[in-house]
Amino acid sequence: MSKFNRDNYLKTVTVNSVLEKELTTNSFSDYKFKYPCAYFTITSRHIQRPDLISNDMYGRIDFWWFVLKFNNIDDVWNEIYISQKIKIPDMRDIIDYINEYK
């Protein structure tokens with residue numbers, strides 16, 4: 001069973017003493033992506049480094065979790081391999097998703 005398949009997809013967590021939605025457990029099935037995604041081919045540099053994928057595509061490392069979730073990747077050690085093509089969601093969809101579940 002995937003760690004992302006949870007009944008309570010709007011789970012809350014405390015971060016720096018502030019109660020927030022845990023975005024990594026939210027279901028994408030309810031969110032309607034509006035923009036076309038890009039495609040990215042994994043190189044040896046990106047193995048076990050989703051932060052570098054995020055950096056290469058968005059110019060920042062903090063959207064690595066979104067890229068993994070968008071591609072149903074739960075295990076960076078075994079589910080990312082060289083020459084793999086993954087989908088990269090449009091930055092506008094990421095921002096909209098975060099704002100919706102904030």
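I started with Ile61, which sits in the loop between helix H1 (50–58) and H2. The model I am reading is predicted. I looked up the confidence next. The protein chain averages a pLDDT of 82, and 75% of the residues score at least 70. I marked residues 1–10, where pLDDT stays under 50. For that stretch the model has 18 contacts beyond four places in sequence.

**Entry: Ile61**

The cut-off for exposed is over 50%. Which residues does Ile61 touch, not counting those up to four places away in sequence? I listed Asp51, Ser54 and Asn55. I also checked Pro50 against Ile61. The two are 11 residues apart in sequence, and their C-alpha atoms are 8.2 Å apart in space.

**Entry: ring pairs**

How many aromatic pairs does a search of the whole structure find? I got seven. I took up two of these pairs in detail.

Phe33 and Phe70 make an edge-to-face pair. I recorded 5.1 Å centre to centre and 75° between the planes. Phe33 lies in the loop between strand S2 (18–21) and strand S3 (38–41), while Phe70 is in helix H2 (residues 64–70), so this pair ties together parts 37 residues apart in sequence. Phe33 has 29% relative accessibility and counts as partly exposed. Phe70 has 16% and counts as buried, because the limit for buried is under 20%.

Phe66 and Tyr97 came next. Their ring centres are 5.3 Å apart and their planes stand at 80°, so I logged this pair as edge-to-face. The cut-off for that label is over 60 degrees. I found both Phe66 and Tyr97 buried.

**Entry: the cluster**

Which residues do ring pairs link into a cluster? I wrote down Tyr31, Phe33, Trp65, Phe66, Phe70 and Tyr97. Both pairs above have their rings in this list.

**Entry: a charge over a ring**

Arg92 lies over the face of Tyr35. I noted 3.8 Å from the ring centre. The cut-off for the distance is within 6 Å.

Technical notes:
Residues numbered from 1 in each chain as written. Predicted model: local features only at pLDDT ≥ 70, side-chain atom pairs only at ≥ 80, totals over all residues. Heavy atoms only, no water. Phe/Tyr/Trp six-rings, centres within 6.5 Å; stacked < 30°, edge-to-face > 60°. Helix = DSSP H or I, 4+ residues; strand = E, 2+ residues; numbered from the N terminus. Buried < 20%, exposed > 50% of the residue type's maximum accessible area, 1.4 Å probe, protein only. Lys NZ or Arg CZ within 6 Å of the ring centre and 35° of its normal. Contact = heavy atoms within 4.5 Å. pLDDT = per-residue confidence, 0-100.
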